Each structure stands twice: as C-alpha cells, then as structure tokens.
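Have the viewer open as you read.

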Amino acid sequence: MAFSSSMINSFILSSFKPQQSILSFPSISYGDSFKPRKPLLPFRIRSVPTLIRATSSSSFPATIAEPEGIKINSIPSKPIKGQKTGTSGLRKKVKVFMQENYLANWIQALFNSLPPEDYKNGVLVLGGDGRYFNREAAQIIIKIAAGNGVGKILVGQEGILSTPAVSAANGGFIMSASHNPGGPEYDWGIKFNYSSGQPAPESITDKIYGNTLSFNEISIIGLRYSAFMQISEIKIADIPDVDLSKTGVTKFGSFSVEVIDPVSDYLELLESVFDFQLIRSLISRPDFRFTFDAMHAVTGAYAKPMFVDKLGASPDSIANGIPLEDFGHGHPDPNLTYAKDLVNILYAENGPDFGAASDGDGDRNMILGRRFFVTPSDSVAVIAANAREAIPYFKDGVKGLARSMPTSGALDRVPTGWKFFGNLMDAGKLSVCGEESFGTGSDHIREKDGIWAVLAWLSIIAHRNKDKKAGEKLISVADVVKEHWATYGRNFFSRYDYEECESEGANKMVAYLRETASKSKTGDKYGSYVLQFADDFTYTDPVDGSVVSKQGVRFVFSDGSRIIYRLSGTGSAGATVRVYIEQFEPDASKHDLDAQVALKPLIDLALSLSKLKDFTGREKPTEY
Ligand code: VG1
Ligand code: CO
C-alpha cells in the first residue's frame with residue numbers, strides 16, 4: 001500500500017495521566033535514531049514505602065513474610081501442564097481455570113518470572129471485561145499480588161476495566177478471553193501487559209510458562225533441606241475479599257486496594273486525541289444517525305459516558321449497553337456473523353448512517369455505514385489516509401503504519417498479535433496500525449482500541465461533512481471507502497476460519513503446507529496463478545532484534561495475490577485453522593464486486609492446495 005512507511009513528523013504522548021497537551025517532537029523520519037517513549041513500568045506508577053519483612057517458618061501453611069498488619073500464607077502447589085500463553089494471554093474453558101490452583105499457579109509463576117524490583121511495593125492495575133469468574137479471579141489475584149509484596153492494586157469498579165484502559169494506565173492484568181464467549185460453559189482468560197502498557201513480549205510469557213512447569217525443580221532442591229520446602233508455594237495474603245462495588249481505598253496494613261472509576265482517565269486520554277467538538281457537531285445533526293452495539297461486554301461501561309454524555313448521542317443509540325457475565329448469551333465478537341443484529345439494523349430500509357460494535361474487552365471494533373461494511377483492512381488504511389486532517393493527535397502527520405502479516409501483502413512487517421507492535425511504537429516508528437481481525441489502534445496506548453477506532457471514523461465523517469448545510473447530502477461511510485479504493489485500488493480480502501478442528505489433522509495440514517512451500521520455486525504454476533514465493537513467515541523485530549518463526553505459511557503470486565495459512569493462538573479448545581485470501585484490484589470498474597465473487601478462484605485454489613478437506617474433514621468454514 002501507498003502508506004507503508006511514510007514517516008513524517010511525530011508526536012508522542014509523554015505518559016497517560018491527564019494530557020493537557022500532546023508533546024510535539026521534532027521531525028523524525030524512519031530509520032533515524034531517537035529516544036524510545038520512556039517506559040513506565042506498570043508497577044511503578046506511584047511508589048509505596050517498603051514495609052515487607054521476609055521471615056521464615058516451617059509451619060503449614062507457612063508464614064513467609066509479614067507486611068505490616070497482614071499475614072502471608074504459603075500454599076503448596078504442583079506444576080500444571082498446558083499453561084502456555086497464545087497470541088494474546090492464557091485462554092481456557094472457565095472450568096479449567098476453576099480447577100484448584102490453576103489460576104493461582106499461573107499468577108505465582110508470573111511473579112516468579114519478574115525481577116522483584118518491578119513489583120515489590122509498587123502499584124499493579126487489574127481490569128477485566130466483566131465475564132463469569134472475574135469476581136472470584138479478582139480476589140485471587142489481589143491476594144497473591146499482596147502475598148508477593150505488591151504495595152497497591154488499582155482495580156476497576158466491579159472488576160471492569162477494558163483492555164485499552166488498562167493499557168492506558170501502563171499495564172497490569174486483564175481478566176478476559178476477549179471475543180470468546182463467557183459463562184460457566186465457556187471461556188476465561190488472562191492477559192498481562194507490561195512496561196508501557198503493551199502485551200507482555202514472548203521473552204516474558206515464555207519465562208512464565210517455564211515457571212509454571214518448574215515448580216518440580218524447586219521442590220527437588222528443597223527436598224534436601226526441609227519437608228515443607230520441597231513443595232512449591234503460592235504466596236497468598238490472608239485478607240478478606242475486597243468489596244469491588246464502590247470506588248475508594250481499602251487498606252490492609254501496608255497493602256491497599258483502590259477501586260477506581262474505569263472510565264474517567266481513559267475518556268480524558270481520548271479527549272486529548274480527538275476533537276470532541278467536531279464529533280459532537282456530527283452526532284447532533286438531525287440528518288445523521290449513529291448506533292453503537294456494546295454486545296453486553298466491557299464497552300457497555302464506556303458507551304454512555306462517551307457517546308451520550310460527552311458527544312451528545314441519544315441514549316437509545318446504545319444497544320446491549322450493560323456488561324453481563326455471559327454477554328447476554330452472546331458471542332462478543334464484532335463481525336458480520338456475531339454482530340448480526342447490528343448488521344441487520346444498518347442494512348434495513350432507512351437504517352442509521354453509522355454503526356459500530358466492540359468485543360468482550362473493548363479492543364476490537366467493527367465499522368458499518370448504511371448498507372456498507374468496512375473491512376478491518378480497509379478501515380486502518382482509510383484512517384491512516386485521513387488521520388492528519390481529521391484527528392488532532394496526528395496533526396503533524398503519522399510516524400509509521402503497520403499491519404499484521406495476514407492483513408495485507410504490502411508490508412509483511414509484523415506477525416499476528418498486538419504484542420509485536422509495541423516495540424515499534426515505543427521506538428517512535430509507528431503511529432497507526434491494524435489487523436484484519438477487527439483490531440485497529442494507534443500509539444496513544446499499546447493495545448488496539450475499539451472506541452478509538454469508532455471515534456477515528458466519526459472524526460473522518462465529521463470532518464468531511466463539516467461544511468454541509470442542513471438538507472445537503474452528507475458524505476457517507478461508503479463514499480469515503482469507495483473514494484479510497486478509487487485512489488489506491490482495492491484489496492479484496494477474506495478470512496476463512498475452521499474452529500475447533502481436531503489438532504492432529506490441523507497440525508498435519510500445516511506440516512504438509514510447510515513442506516510444499518519449502519519445495520516450491522518462483523515460477524511454479526498453480527492453475528492460472530504463477531508463484532512469486534512461498535515460505536513460513538519469520539519476523540525479526542527491527543527494534544530489539546528478537547525473532548519469531550513459524551508465523552504462517554504464505555503463498556504469494558506474481559500478481560500480488562496471497563494465500564496464508566496459520567493456526568489460531570487464541571482458542572480455548574482444539575485447533576482453529578485460519579486461511580487468509582487476498583487479491584489486489586486496481587481497476588475501479590471492478591471495485592463493487594462482492595469479495596467472495598472476486599476471490600472465488602483464489603479461494604478454490606486455497607482449499608485444493610492445502611487439501612484442507614482431507615486433513616480436517618471440514619466442508620465449510622465456521623464463519624464468514
Ligand atoms: C486473533 C487474531 C489476532 C489478534 C488476536 C488477539 O489471534 O487473529 O489478529 O491479535 O486474536 O485479539 P489468533 O491467533 O486466534 O488468530 V483479542 O481481541 O482476542 O485480544
Ligand atoms: Co479483544
């Protein structure tokens with residue numbers, strides 16, 4: 001794409017707290033050396049005096065440390081297999097997490113993996129999307145954090161704090177399985193965001209995984225000394241459950257828990273990024289109708305304060321605005337399948353002009369115009385193209401743009417998962433980025449941000465219509481996207497998901513594809529397509545040089561068409577096969593074709609080339 005590395009001027013937020021102004025940095029271009037954004041470790045937001053004194057005891061449960069006024073117990077535990085984090089945190093069925101010590105082990109392993117100076121007596125943020133088991137999990141996490149010497153926990157009221165809001169507060173724990181469904185039979189998950197609020201890199205998550213398995217080693221050494229030390233321990237504070245329903249501070253000796261309003265700071269941050277006055281002027285027009293579907297997930301807590309109270313939307317423009325533990329039996333994934341109700345509203349006769357939805361933890365988004373769906377790949381491109389003129393945060397231009405590898409053939413810069421964007425942002429190389437999986441965001445925080453994307457789109461539409469008088473036809477979402485295609489060409493894109501396949505078949509298929517790719521050579525014919533190259537994507541982080549391999553098998557053809565195969569890293573059971581299909585079309589007369597029609601020959605090739613049906617037994621994808 002034309003935007004790949006147009007690095008112009010830059011400006012970076014200095015830190016999260018109330019942004020009076022956005023700091024302007026002198027012109028920086030790609031490749032220059034510059035100072036990374038100063039990392040603010042999540043546990044160092046405020047300092048709390050050191051009061052923990054370690055003591056030893058062999059009584060059971062053993063008292064191992066005595067912060068002023070509270071007792072800390074040592075609970076014995078054994079290693080638990082399978083706690084490896086995937087694309088974004090650890091996700092399992094809620095029943096798995098409810099097994100004895102399952103969550104506690106992982107949290108303890110995490111503290112065992114961090115340098116003590118990063119958390120001892122420091123402040124930790126705890127948030128979540130309101131799903132089933134978060135209440136119990138919050139209490140477990142609070143007690144283990146206290147047991148390990150954290151000085152203070154900031155927790156969202158009722159345990160609610162969206163992924164973007166936690167990132168904005170420079171990181172911590174997020175209790176969420178994101179877009180996966182919730183409830184006793186469904187999914188639970190936990191993410192850990194580190195440093196400047198970005199998802200923990202693999203160097204940390206690998207260490208945590210190692211520690212979940214190495215409880216044994218500790219116990220073997222311990223055997224030689226004492227019967228009690230042979231058992232690995234979870235350090236847990238002996239304090240009562242904390243009331244998370246009201247804001248305020250509860251003190252337990254030197255440790256404290258502060259229940260915070262989940263919305264205000266995050267809202268303030270977004271006010272410093274966008275021109276709220278401009279957006280308000282659009283939303284209050286009688287000839288513009290807006291609707292937002294919170295899918296009974298975390299953005300329910302943000303939608304009214306943001307869209308209604310600040311931006312003047314009518315209260316009935318918010319659908320499913322109350323966060324529920326089971327998302328109202330829904331699947332909080334903002335796409336054409338799971339946000340079908342919203343799609344029906346926008347495609348109905350005389351539907352609204354603008355519709356949006358967000359996922360479980362508020363980091364994904366879907367944007368719709370009247371009878372028009374904006375693909376996430378187009379969304380990030382359109383935002384990037386219009387950012388400078390419509391969004392004050394980008395008034396001096398954008399520093400850089402990136403898409404995850406499956407999102408577009410143009411960049412091929414980062415693998416799948418937001419964790420790979422954080423370093424580029426900290427290094428001042430990246431302003432706007434997106435994933436085909438309904439994730440869009442910028443360097444105002446270190447996560448994708450659903451509400452940010454909605455505000456970005458509203459800003460663009462508002463900007464384009466700001467001089468339109470009442471009665472004049474407004475420039476619509478569809479107009480903006482079509483104009484974009486006419487200028488840059490259209491990338492037809494589709495993703496096929498095959499959920500919960502049997503792992504063995506899925507793994508065999510990937511192995512087969514790897515082998516096919518490694519044997520292939522430029523010029524090989526695949527029907528009417530001529531191969532440019534095929535490989536298994538490896539990503540080298542340009543900032544710290546870390547390398548991740550096996551990120552997706554790619555077949556790229558001479559006309560720029562691509563087929564990519566990878567296994568999901570966010571499922572809670574079995575294997576999910578993802579097939580990404582993309583084809584570039586410069587000819588504007590073909591831009592109105594349906595993507596499935598335009599991509600039919602390539603989709604057929606993708607299925608035959610992989611022998612997907614033979615390996616997985618699946619006739620049809622699960623969605624899309
Ligand atoms: C999926 C998406 C990926 C996204 C990840 C986390 O991963 O494809 O683009 O970053 O989910 O998003 P996978 O490995 O299942 O393809 V979220 O909103 O679940 O934190
Ligand atoms: Co999410």
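What follows is a short report on a predicted model.

## Around the ligand

Let's begin with ligand 1, which has 20 residues around it. The closest are Thr87, Ser568, Gly569, Thr570 and Arg578. If you sort this shell by residue class, you get ten polar residues, ten charged residues and no nonpolar ones.

A polar side-chain atom of Arg578 sits 2.5 Å from an oxygen atom of ligand 1, and a backbone N or O atom of Gly569 is 2.6 Å from an oxygen atom of ligand 1. Arg364 also contributes through its side chain, with an N or O atom 2.8 Å from an oxygen atom of the ligand.

## The largest pocket

The largest pocket holds about 940 Å³ of space. It is lined by 38 residues, and those closest to its centre are Gly86, Thr87, Leu567, Ser568 and Gly569.

By class, the lining has 19 polar, ten charged and nine nonpolar residues.

## The second largest pocket

About 710 Å³ of space lies in the second largest pocket. Its lining counts 28 residues, with Leu336, Phe373, Thr375, Arg490 and Ala595 closest to the centre. Two or more residues each come from helices H10 (340-347), H11 (376-390), H14 (477-488) and H16 (595-598), and from strands S18 (372-374) and S22 (490-501). Strand S22 provides the largest share, six residues.

The lining here divides into 14 nonpolar, eight charged and six polar residues.

## Aromatic pairs

To finish, a look at the rings: a search of the whole structure turns up 23 aromatic pairs. One of them joins Phe292 and Phe307, a tilted pair with 5.0 Å between the centres and 40 degrees between the planes. Phe292 belongs to strand S14 (residues 290-293) and Phe307 to helix H9 (residues 300-310), so the pair ties together parts that are 15 residues apart in sequence.

Notes: Residues are numbered from 1 along each chain as its sequence is written. Chains are lettered from A and ligands numbered from 1 in the order in which they are written. This is a predicted model: local features need pLDDT of at least 70, side-chain atom pairs count only at pLDDT 80 or more; totals for chains, interfaces and linings use all residues. Side-chain values use heavy atoms; hydrogens and water are left out. A residue is near a molecule or strand if one of its heavy atoms lies within 4 Å of it. A polar contact is a pair of N or O atoms within 3.5 Å; within protein, one must be able to donate a hydrogen and the other to accept it, and residues adjacent in sequence count only if both atoms are side-chain atoms. Ala, Val, Leu, Ile, Met, Phe, Trp, Tyr, Cys and Pro count as nonpolar, Asp, Glu, Lys and Arg as charged, and the others, Gly among them, as polar. On a 1 Å grid over the protein atoms alone, a cavity is a set of points where a 1.4 Å probe fits but cannot get out, and a pocket is an open set with protein on both sides within 12 Å along at least five of seven lines; lining residues have an atom within 4 Å of a point. Grid points are joined across faces, edges and corners, and a volume is the space filled by probe spheres set on the points. Helices (H or I, at least four residues) and strands (E, at least two) are DSSP runs, numbered from the N terminus. Rings of Phe, Tyr and Trp (its six-membered ring) pair if their centres lie within 6.5 Å; planes under 30 degrees apart count as stacked, over 60 as edge-to-face and the rest as tilted.
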